[in-house]
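Q: I have a model on my screen and would like to learn how to read it. Could you walk me through some features with me?

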Amino acid sequence: MDFISKIIEASAGTGKTHMLTEEFIHRLEKSSSIDSLKHFLALTFSEEAACEMKERIVGRIWDKLIPGIKDEAEIIKLENNLFRIRISTIHSFCRSILKRFSFVSGIDPLFTVTDENTGSILFERAKYKFLKNVSESDADFSFLCKRLKLNDLLKFINGLQELHPHVFLGVPGDFPLTSMIYKYFLSIRKIYEGLKKEKAFLDFNDLETKTYSIIRENPEALNVLYDFDESIDIVFVDEFQDTNLLQWEIIKEFTLDWISGYGSKADTGRPYGVFIVGDKKQSIYYFRGAEKELMAEAETFFSRSLQKEFLTQSFRSFPGIVDFVNEAFKNFIPVEERLKVRNEFRDKEFQDRSFVEINIFEKNDKKINLRKRDEYAWVAKRIKKILFERFQVWDKSQKKFRDARYSDIAILFRKRSHLTILEEVLRSFGIPYVNIGGIGFYQEPEILFMLSLVFVLIDPSDVFSFWHLKNSLFKIDEGFISKYRNNLSREPIVNIIENILDELNFRKNISTQKQANIEKFLIVLNSLQKFPLFQAGMSLRHLMKNSNEPKADVFTEDENAVRVLTVHSSKGLEFPVVFIIDAEQGRVDKRNISILYNKFMTGMEAGPEYVFGLKMESEKELSGEFYKRLEEEETNLLYVALTRARQGIIVVGDNIKDKKNTVWLKILEPFFSECVPEVGGEKEIFPACSPVEEKEIKRHLPEIRSFIPVSWTSISSGNKNVPDFAEKHDEEVFGIIIHKILSEIGRNKVSADFDRLKKRAEFYFNKFSVVPDEKLLNIHINNIVSEKLKDVVCPVHDGFNELNFLFSMDNQVFQGYIDRLIVRENVVYVYDFKTRKSLKITEDDKKQIYIYRKAVEGLFPGRKYKNFLVFTFYGIIKPINTGGENERGNSPGL
């Protein structure tokens, strides 16, 4: 049987995952047996992508293959094989190889893969051990400390540790300082390896390096390769442009014998081959070792039986977007790889509903922060205008146009330099947003407060941390700290911190994001329990330096909020309207680069793949090619950003006269004059709204004086009629659990069935250590599943549960969530669930619904609004009037 290889270059939005899925199914259909499924291996770049691929392939098998099988035994056999399907990241694949052949490499078979934080802490310990034991008579080390200062030396060593796989596959060039630092780096690495071995740890880089060493250098390599040959026939590789050189070398080694067409694999008679999908135009991970040239290298490697295919028809973008992208990148993309409009999108209604706007602000005398506020205010007003004018977006699932929502809009940026300003401006305009993949976890106020608590408890001499606590909102004194410090010998510090937070009522009235951040910090603190307290403190001080640590993830897909994320995080996503801000940051920034590297144009057999050196002594030799690659990376990043858009692109940034290094602005400059934002039929650069709209929107820009959380229990933190949580704990918990169940029904996480809901409620009551009133619980659940409430609580199209909002009114900012909201044509129905034993509508109810009404006006402008209270104890829905126009009416379906 001949070897088959296929490389598919799939441009953005052309359905590459669909193509890979279909190829997978096609190969399965052509095989002689369902058993061949266990001989397929699919590799991709991230866990998220692996899960998506597995979901698609399993779903496709279920829809296409199972209906055609009549034999029930064969169906059961296929279902069992689905559990054994091998779809994973390359790291997971390497992990499985190392687990299976741990005896070959001397690795503990029970090894665990450390996260980045644990690895970083261990490397810090390795540096500390090295510095403690380095000899004073070491002339080279003394020279380096005088020449560079110790902090700079350690910074370069950290840089080498992060330079993977370049350091593993490369050598320092003929640069004296680099060679000396590399020598000490290897000494620290040796200590680091010892620390990991003590704990049976491997980091993610180890998974690649140790797998490569086994199959290239170990005497038992042939056994490993033979085992792979026996178990795998077809290899699928997705997102190939993100593959680094070491990963490619591993793939090559496992498939090297296949390309000859002879040997044990050919003798099996089973079809075998490699299928690669990628797009070098979307190669944006050069800093992680991704090499776009690997696509060409793969073509050469598999040339004996290669099939090549280009996917260029966009299933994502409307004609206006496709034409703009092709024109902008005509000097970078060959004609055969340019995007083509899908036939379905050629109709006039699609032609007219796409746009590109570029608003580049001229620099003025204002400070950068004030300039950015002006730019982001323009963005906020433009978002408001999109919703106010009810811009029509194409709903892919419904196959029709509908009104735009906040969740249809994404704001992309190259760097997070001004993220805090952007968030402040969006809040001031009352625009709900979610920060996907937000960083700066250890710089968040709630985390700094908890860090100060930990440091003061561990180290009484930490004056700075104590000053922070003393001057905080809680005015913590020495007596308070001493009370808890005395417990350190009796209980874990994570428990003590939780007790302090409870005593301070720290979690009350804080945002969901901050709640999640607190939980994440407690998990980190709990993971450090195995270390002595002083060492745990040192580890936390090191982690504090990491400004790139992501905040806790609280994002939900059905949240009606603008998505805020980096271009890197947007990879693989699409949005109807995309704002690209801070366009001037799309440039090669040479200031923070300390180490340069280049790839040798030789194979592994001929020697090292990379040469690297400190920038201060290698710039002349290495900078040319290195900076050229960075420019190509910036070009690719702009391509990725623009191709996230389905219908609208709006680019905003500062104008820079010298555009030599500003890659994005150089590409976009030819379009500045023809893509000016269009307002009311007239071309204007600013404002984004007409004067009348400008006046209307200005009311969203008050001076923020107070922050009022709004929840189902109260309308403000200052409401004295609301009982303290501790006083009415069981009653509050009962309400929380009923609300939780109602939310899960609306999200289709649990069906509206009495027995299921009863079990779900009992689970939550056990979690809260509360014994419920059985009779009362039955009443509520019976009413929830009744016909009277069915149309409100059950899942419906355009229905939202616990819809978050944030808006300003009367110099105050309100934040909270609406229990249930249903959009029917031009009417928005707002529901607030009440679990109390009273049907009386109170003044607090009216105030709360009034706030909800104002929030909904911002989220769904220009509609009619109808407001209702849902009393779950009585199974009754009552309308409530807040004084707005056209509010009275029946709940839909009632």
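Q: Leaving aside its neighbours within four places in sequence, which residues is S539 in contact with?
A: Contact means heavy atoms within 4.5 Å. By that rule, and skipping neighbours within four places in sequence, S539 is in contact with I121 and L528. S539 itself sits in helix α25 (residues 533–544). Helices are DSSP runs of H or I with at least four residues, strands are runs of E with at least two, and both are numbered from the N terminus.

Q: What should I know about the model before going on?
A: This is a predicted model, where local features need pLDDT of at least 70 and side-chain atom pairs count only at pLDDT 80 or more, while totals for chains, interfaces and linings use all residues. Residues are numbered from 1 along each chain as its sequence is written, and side-chain values use heavy atoms, with hydrogens and water left out.

Q: Is S539 buried or exposed?
A: Buried means under 20% relative accessible area, exposed means over 50%, and partly exposed is in between, with a 1.4 Å probe and protein chains only. S539 has a relative accessible area of 5%, so S539 is buried. For a contrast in label, take K77 in helix α3 (residues 72–82): its relative accessibility is 33%, so K77 counts as partly exposed. K77 and D35 are 42 residues apart in sequence, yet their C-alpha atoms are 8.2 Å apart in space.

Q: How many helices and strands does the protein chain have, and what share of its residues counts as buried?
A: The protein chain has 33 helices and 29 strands. Of its 894 residues, 55% count as buried. If you take contacts between residues at least 6 apart in sequence, 76% of them join residues at least 24 apart.

Q: What is the accessible surface of the protein chain, and which residues form a nonpolar patch on it?
A: Accessible areas come from the Shrake-Rupley method with a 1.4 Å probe, and for residues only the protein chains shown count as cover. The accessible surface of the protein chain is about 41500 Å², with 51% belonging to carbon and sulfur atoms. Patches are made of residues with over 30% relative accessible area and no salt bridge, joining like charges within 9 Å and nonpolar side chains (Val, Leu, Ile, Met, Phe, Trp, Tyr) within 5 Å. Here Y128, F534 and M538 form a nonpolar patch, with about 360 Å² of accessible area together. Y128 belongs to helix α6 (residues 116–133).

Q: How do I read a salt bridge, and how many does the structure hold?
A: Side chains of opposite charge can pair when their charged atoms come close. The rule is a side-chain nitrogen of Lys or Arg within 4 Å of a carboxyl oxygen of Asp or Glu. The structure holds 67 salt bridges. One of them pairs R27 with E23, with the closest N and O atoms 3.4 Å apart. Both lie in helix α1 (residues 16–30), four residues apart, about one turn of the helix.

Q: Which parts does the salt bridge between R863 and D403 tie together?
A: In this pair the closest N and O atoms are 2.9 Å apart. R863 lies in the loop between α33 (843–859) and β28 (864–871) and D403 in strand β14 (residues 400–403), so the pair ties together parts that are 460 residues apart in sequence. R863 and D403 are both buried.

Q: How many cavities are there of 30 Å³ or more, and what lines the largest cavity?
A: Rolling a probe the size of a water molecule over the atoms shows where empty space is left. On a 1 Å grid over the protein atoms alone, a cavity is a set of points where a 1.4 Å probe fits but cannot get out, and lining residues have an atom within 4 Å of a point. Grid points are joined across faces, edges and corners, and a volume is the space filled by probe spheres set on the points. The count is eight cavities of 30 Å³ or more. The largest cavity holds about 90 Å³ of space, and its lining residues include L43, F45, D238 and I251. The elements giving two or more residues to that lining are β2 (40–44) and α13 (245–255).

Q: Where is the peptide bond from H164 to P165 in the chain, and what is its omega?
A: That bond is cis, with omega near 5°. P165 lies in the loop between α8 (150–162) and α9 (166–169).

Note on methods:
On a 1 Å grid over the protein atoms alone, a cavity is a set of points where a 1.4 Å probe fits but cannot get out, and a pocket is an open set with protein on both sides within 12 Å along at least five of seven lines; lining residues have an atom within 4 Å of a point.
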